[in-house]
Amino acid sequence: MTKLAINGGPKAASDLEIPRWPQCTEKSKEYVMDSLESEKWCRIIDGADWVDRFEEEFADLHDAEHAIAVSNGTVAIELALRASGLQPGDEVLVPAYTFIATASAVACMGGVPKFVDVDPDTFNIDPESVRENITEDTVGIVGVHFGGYPMDMDELLPIVEEHGLFFIEDAAHAQGSAWRGQKVGTFGDFGTFSFQQSKSVAGGEGGIVVTDDEVLAEEASLVHNIGRPVGAGYKHTMLSSNYRLPELQGALLSAQLEKLPAENERRQENEARLVDELETIEGIHTLREDDRITDRGYCVYNFRYDAEAFGGPSRDRFLEALRAEGVPASSGYGLPLYKQPAFSRAQLGSMVPPGTDIPVNRHLHLPGVEEIMETNIRLSHTALLAEDESILSIPRAIEKIKRNVGEL
């Protein structure tokens, strides 16, 4: 019996070959140098065209009519909220397990984020919890395609229509994902994406908003450019901030976007290999299979660990052993959003009109979220780009830990 690596044995995943990320390709250098040498570094300068080009390419890839590139994924959500008509004090439903920006954008725009549960089998917003939490003050939903796994649009869209809500798809993780053949980001009023360094289309920072609604697109374009159309000089028709994406990042992102389809194809192939093996291990629960998901983008890949099936070691102890075996896994987000100090009544109260009803988030208990907090194992999308068959060293490492669990 081979000793666990955490106790000095050899690593089971020593052959796991994960590529560096992000990647400075020759095409990236070529496009950025073209933008740099043009000396047109701001998108509103005459002749600047890299951000325009990136918007067109991204819209084409996602079958969207309009795309507006912005400085990051957080302000993409803020812009979508404002263009959707969010008013100070309005209530917006958000999942309680996601990156903080999904909810903090609502608060920073003067709204009240109301946290709803997620489904542990998908990590996505739970439609039943959405139904239970809608009130007369609810005006919209910001849902997340978590890890690139699409939300259940068949369940969510009828709820949105029934209650007359706006719907923003936070697709920061989901570049290239599709539901029933339709790319995510195009089901709701807006879809928002992030290009932060860890994402599958990486620009250091950056974001984009997509929509098929011409009126919403015009409103979003005004919001992103200090309340004026691009090229309109100094006539501003609304009060707004500057959310523009620089030309240099537009050039870099165009190069990164070109390689996304091939990379996503490789990720899908490796996910299938990985899941085939993980599903044979009792106590490891993979994401629910759903044939309505017809294409996948990725940011992270999640599965859940059952401590009882492994003989008792906690998820965190299991993670220690897994990392020692050479698998770069983590537990994901450290707190449910309703436990974050940023969403205390004092913090939220400073952002909304006096007299606004603010939930006491510290008293919230959402079982789906809390199950994930205790059981989640997270891999980066880069692990799904592993070379050759080295992805299979991940389930081998898990099996080794299970065989030798007495050492823990």
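Two strands are taken to pair if DSSP finds at least two bridges between them. In this predicted model, strand S10 (284–285) meets that criterion with strand S12 (residues 300–305), the two being joined in the antiparallel sense over two bridges. Within this pairing, His 285 has Arg 304 of S12 as its bridge partner. Both strands belong to an open sheet of three strands, ordered S10-S12-S13 and antiparallel in its pairing. S10 and strand S13 (376–380) form the edges of this sheet, each pairing on one side only.

A further open sheet comprises seven strands in the order S1-S9-S8-S5-S4-S2-S3, and its pairing is mixed. The edge positions are taken by S1 and strand S3 (112–116); each has a single partner strand, so one side of each lacks a neighbour in the sheet. From one strand to the next, the twist averages 25°. Strand S4 (residues 138–144) and strand S5 (residues 166–170) run parallel and are joined by five bridges. Ile 141 is bridged to Phe 167 of S5.

Side-chain charge pairing was examined next. Side chains of opposite charge can pair when their charged atoms come close. With a cut-off of 4 Å between a side-chain nitrogen of Lys or Arg and a carboxyl oxygen of Asp or Glu, the model contains 22 salt bridges. One of these is formed by Arg 53 and Glu 258, whose closest N and O atoms lie 3.6 Å apart.

At least two residues of the patch are supplied by each of helix H2 (50–61) and helix H7 (214–224). H7 provides the largest share, with three residues.

Most residues other than glycine have a negative phi, and most peptide bonds are trans. The peptide bond from Trp 21 to Pro 22, by contrast, is cis, with omega near -5°. Pro 22 lies in the segment that precedes helix H1 (26–38). Glu 39, although not a glycine, adopts a positive phi of about 60°. The position of Glu 39 is in the loop between H1 and H2.

Technical notes: Residues are numbered from 1 along each chain as its sequence is written. This is a predicted model: local features need pLDDT of at least 70, side-chain atom pairs count only at pLDDT 80 or more; totals for chains, interfaces and linings use all residues. Side-chain values use heavy atoms; hydrogens and water are left out. Helices (H or I, at least four residues) and strands (E, at least two) are DSSP runs, numbered from the N terminus. Axes are lines fitted to C-alpha atoms, for helices over the stretch in contact, and angles run from 0 to 180 degrees between N-to-C directions.
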